[in-house]
Amino acid sequence: MAECVVLLGIVSIQNYIFASNRLKENTGASNLVRESQDPKELAEVLKRHGIKLFVDGWLDEGENAHLSQLREREGEVIYVGGGNAALRFDDAKTGKEAVAAWSRWVLEEMPGLRVAAAVVPVGDSLTEAYRGARDQLTRCESAAPFGAPLGALPVVKTCSSTGLPASKEELDERLSREAWTKRKVAVGAKRSLEDEFREFLPGKTRFAAELEELGGRTGEAYIAVVHADGNGMGKLLDEVVELGLRE
């Protein structure tokens, strides 16, 4: 059985996070993207489908997480970052089963999040297999999605955030499952952030849940988004990964 490299990718992350101007939904969406690539969550999902994923090599160093040392495992994490997760499996069949399990979990628990995946057998070089998987994933991400979201019928209430059919209700607002899921996750995400930064938050300072709570002067309507990533970091990550695979 030939081992394989699997790349799991999240498509159009910015569009998903900023699909609406509701800060609560932006926060929830960001947390859902993070959770979709979390090694421990991924391992639990695959475990429920009888697939063992070794993550200790990636998580041992905490903040100084490094590439896992490749070992004889059914599957293991090579790296996670930049909206992608690279995994290695003992055979292509297991790799494809892992993709099916992960994508179904995302579709069920993270509505609206677009995903792409690549499975490439390892021939003479693990590095070359990784490059091939990366190229395949790029083509998948660039391709148009199959089908289109089902719009609302005339008798259906639409979501004020997404324009999709509303299936949930929050106070007097009708929400689609996507918007409702983002808001639900945002509650726990906000609580976790405040617990994590409690010692740095003076008095009753807290993280805002709505854009109106961010402050500003009357009449001002400007919002800046600071994006702490870019093509330079992505290329650097690719170089580190390839160096680790060669070693």
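This is a predicted model: local features need pLDDT of at least 70, side-chain atom pairs count only at pLDDT 80 or more; totals for chains, interfaces and linings use all residues.
**Entry 1: Asn84**

I started at Asn84 and listed its contacts, leaving aside neighbours within four places in sequence: Leu8, Gly9, Ile10, Gln37, Tyr79, Leu137 and Glu141. Contact here means heavy atoms within 4.5 Å. Asn84 sits in strand 3; I take helices (H or I, at least four residues) and strands (E, at least two) as DSSP runs, numbered from the N terminus. Is Asn84 buried or exposed? Its relative accessibility is 19%, so Asn84 counts as buried. My cut-offs are under 20% relative accessible area for buried, over 50% for exposed, and partly exposed in between, with a 1.4 Å probe and protein chains only.

Residues are numbered from 1 along each chain as its sequence is written, and side-chain values use heavy atoms, with hydrogens and water left out.

**Entry 2: the whole chain**

Next I looked up the overall layout. The protein chain has eight helices and six strands, and along the sequence they follow the pattern β-α-α-α-α-β-β-α-β-α-β-β-α-α. Of its 247 residues, 37% count as buried. I also checked contacts between residues at least 6 apart in sequence: 57% of these join residues at least 24 apart. The accessible surface comes to about 15,200 Å², and 52% of that belongs to carbon and sulfur atoms. These areas come from the Shrake-Rupley method with a 1.4 Å probe; for residues, only the protein chains shown count as cover.

**Entry 3: the cores**

I then went inside. Nonpolar side chains tend to be buried together in soluble globular proteins. For a nonpolar core I take a set of buried Ala, Val, Leu, Ile, Met, Phe, Trp, Tyr and Cys residues joined through side-chain atoms within 4.5 Å. Which residues have the most contacts inside the largest core? They are Val6, Leu8, Leu46, Leu53, Leu87 and Phe89, in a core of 31 residues. The elements giving two or more residues to this core are strand 1 (4–11), helix 1 (13–17), helix 2 (23–36), helix 3 (39–47), strand 2 (75–81), strand 3 (84–89) and helix 5 (92–109). Helix 5 gives the largest share of this core, six residues. I found a second, separate core of 15 residues, which includes Leu7, Ile78, Ala86 and Tyr130.

I picked out Leu46 for its neighbours. Beyond those within four places in sequence, Leu46 is in contact with Ile51, Leu53, Phe89, Ala98 and Ala101.

**Entry 4: salt bridges**

Side chains of opposite charge can pair when their charged atoms come close. My criterion for a salt bridge is a side-chain nitrogen of Lys or Arg within 4 Å of a carboxyl oxygen of Asp or Glu. How many salt bridges are there in the whole structure? The search finds 16.

- Glu76 and Arg88 form one of them, with the closest N and O atoms 3.1 Å apart. This pair links distant parts of the chain, Glu76 in strand 2 and Arg88 in strand 3, 12 residues apart. Glu76 is buried at 0% relative accessible area, and Arg88 is buried at 4%.
- Arg183 and Glu173 meet at 3.1 Å, N to O. Here too the pair links distant parts of the chain: Arg183 is in helix 7 (residues 177–196) and Glu173 in strand 6 (residues 173–175), 10 residues apart. Arg183 counts as buried at 2% relative accessibility.
- Glu97 and Lys93 meet at 2.6 Å, N to O. Both lie in helix 5, four residues apart, about one turn of the helix. Glu97 is partly exposed at 36%, whereas Lys93 counts as exposed at 58%.

I also noted a network of salt bridges linking Arg22, Lys24, Glu25, Glu170, Glu173, Arg183 and Glu210.

**Entry 5: cysteines and a surface patch**

I searched the whole structure for disulfides, meaning pairs of cysteine sulfur atoms within 2.5 Å, and the search finds zero. Cys4 counts as buried at 0% relative accessibility, while Cys140 counts as partly exposed at 36%.

Phe18 lies in the loop between helix 1 and helix 2 and is partly exposed, at 40% relative accessible area.
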